[in-house]
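Visitor: Hi! Could you walk me through this one? I'm new to reading structures.
Guide: Happy to. Let's bring it up on screen.

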Amino acid sequence: MKELRDNQSCFVCGRMNPSGLQVDFEIDREAGSIKAKFTPLSHHQGYEGIIHGGVLSALLDEAMVKLAFGLGIPAVTAEINVKFRSPAAPGEELLVTGRLKKRSHRLIEAEAEIMHNAKLIAEAKGKLIRVG
């Protein structure tokens, strides 16, 4: 696999991707965590009034991988397990957070969650593989 490079075209966080979500993540290197706010729009729906689970899953995945990359660990998702707890609606500001839980030579275990007004919307556990 070739070296991972950020060309700002990522579907979730890429500033150069006009079709993407353009989420602005903040990494806290001391705490080893990441967070972002995102307000989905009506075109992010699956069923009427409910944000598509794929959009929520992409946000969770990005939080875990972007945190690893931001901490100097080039990695890609090897496995992700998402649990949807409550529906999110268009116009609701969502808080996406993530953290790395365990690191070994090749494998990183991470977690992420999406909240709205202290209500858990979705959570994920993932395994990332170091590359490069």
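Visitor: How do the residues lining the largest pocket divide into nonpolar, polar and charged?
Guide: In this predicted model, the lining has 7 nonpolar, 4 polar and 5 charged residues.

Visitor: And what volume does that pocket have?
Guide: The volume of the largest pocket is about 400 Å³. Its lining is made of 16 residues, and those closest to the centre are Arg5, Cys10, Glu62, Val65 and Phe69.

Visitor: Which helix or strand gives the most to the lining?
Guide: That's helix H1, with 5 residues. H1 covers 53-70, and strand S3, at 75-84, also supplies at least two residues of the lining.

Visitor: Okay, new topic: strands. How do S4 and S5 pair, and over how many bridges?
Guide: They pair in the antiparallel sense, over 8 bridges. S4 takes in residues 94-103 and S5 residues 107-116. The two form a hairpin, with 3 residues between them.

Visitor: Which residue in S5 does Lys102 stand opposite?
Guide: Lys102 faces Glu109 there.

Visitor: What about S5 and S6, how many bridges join them?
Guide: There are 10 bridges between S5 and S6, and these strands run antiparallel. S6 spans residues 119-130. One of the bridge pairs is Met115 with Leu120 in S6.

Visitor: How many residues sit between the strands in that hairpin?
Guide: The hairpin of S5 and S6 has 2 residues between its strands, and Asn117 in this hairpin takes a positive phi near 50°.

Visitor: Last one: where do side chains point in a regular strand?
Guide: In general, they alternate between the two faces of the sheet.

Key
Residues numbered from 1 in each chain as written. Predicted model: local features only at pLDDT ≥ 70, side-chain atom pairs only at ≥ 80, totals over all residues. Heavy atoms only, no water. Pairing = 2+ DSSP bridges. Helix = DSSP H or I, 4+ residues; strand = E, 2+ residues; numbered from the N terminus. 1 Å grid on protein atoms, 1.4 Å probe; cavity = no way out; pocket = protein on both sides within 12 Å on 5 of 7 lines; lining within 4 Å. Points joined across faces, edges and corners; volume = space filled by probe spheres on them. Nonpolar A, V, L, I, M, F, W, Y, C, P; charged D, E, K, R; others polar.
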